[in-house]
Amino acid sequence: MYYQTYYQSPLGNLLLVCDEEGLIGLWIEGQKYFLGNIKENIIKKDNHPILIQTQKWLDDYFHQRQPSINDLKLTPKGTQFQQMVWKILCEIPYGQTMTYGEIAKKVAKALNKKTMSAQAVGGAVGHNPISIIIPCHRVVGKDGSLTGYAGGIDNKIKLLQLENVDMTRLYEPRQR
């Protein structure tokens, strides 16, 4: 059984979805891959303890109190590879960034491979079902480009600015 509520954030409405085990999704309304691979019916339940705890976490986050990701039980659904990438995302500290290439090196090392495709990592990052909390917005191109955020580049910039990330070396790529 899945439960949902909405959270009004500075980025707009966020849809929060959980099961009995933990939070399985947080999407910015209208983002790419909205609801991910959830096909089941979702019951509106504003008072579910996991959703209430997530809302409190988001309140702290948007008030720059730097809540710990460990305060929440996260249970995103994905492949083993995606899970590995999302776990690495959770290790990126508040206010810092990491490149797709750096994540690819960590994944390659964990899999005992010499190399790993940064594009494959990008695909897993882009399908992160728990936006903001699993901080895919902290991933940037090796040249400082702000690419690949399913919630939109404008929201990625807002989140990085909220975290006081040094934006001097980062840039928004040109539209094609």
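Burial cut-offs go down before anything else: I call a residue buried under 20% relative accessible area, exposed over 50% and partly exposed in between, with a 1.4 Å probe and protein chains only. Helices (H or I, at least four residues) and strands (E, at least two) are DSSP runs that I number from the N terminus.

Ground rules next. This is a predicted model, so local features need pLDDT of at least 70 and side-chain atom pairs count only at pLDDT 80 or more, while totals for chains, interfaces and linings use all residues. I number residues from 1 along each chain as its sequence is written, and side-chain values use heavy atoms, with hydrogens and water left out.

**Entry: strand 1.** Six of its eight residues are buried, so I note strand 1 as mostly covered.

**Entry: the sheet.** For pairing I ask that DSSP finds at least two bridges between two strands. I get four strands in an open sheet, order 3-2-1-4, with mixed pairing. Strand 3 (23-28) and strand 4 (42-44) are the edge strands, each pairing on one side only. Ignoring direction, neighbouring strands of this sheet are turned by 30 degrees against each other on average. The axes behind such angles are lines fitted to C-alpha atoms, for helices over the stretch in contact, and angles run from 0 to 180 degrees between N-to-C directions.

**Entry: who pairs with strand 1.** Y2 has I42 of strand 4 as its bridge partner, and Q4 has K44. Strand 2 pairs with strand 1 in the antiparallel sense, over seven bridges. There, Q4 stands opposite V17. I also see a hairpin of two residues joining strand 1 to strand 2.

**Entry: helix 1.** What does helix 1 touch? Helix 1 (residues 49-62) packs on the sheet and touches strand 1, strand 2 (12-18) and strand 3, taking contact as heavy atoms within 4.5 Å. The direction of helix 1 makes about 20 degrees with that of strand 1.

**Entry: cysteines.** I count a disulfide when a pair of cysteine sulfur atoms lies within 2.5 Å. By that rule I get zero disulfides. C18 is in none, with the nearest cysteine sulfur, in C90, 17 Å away.
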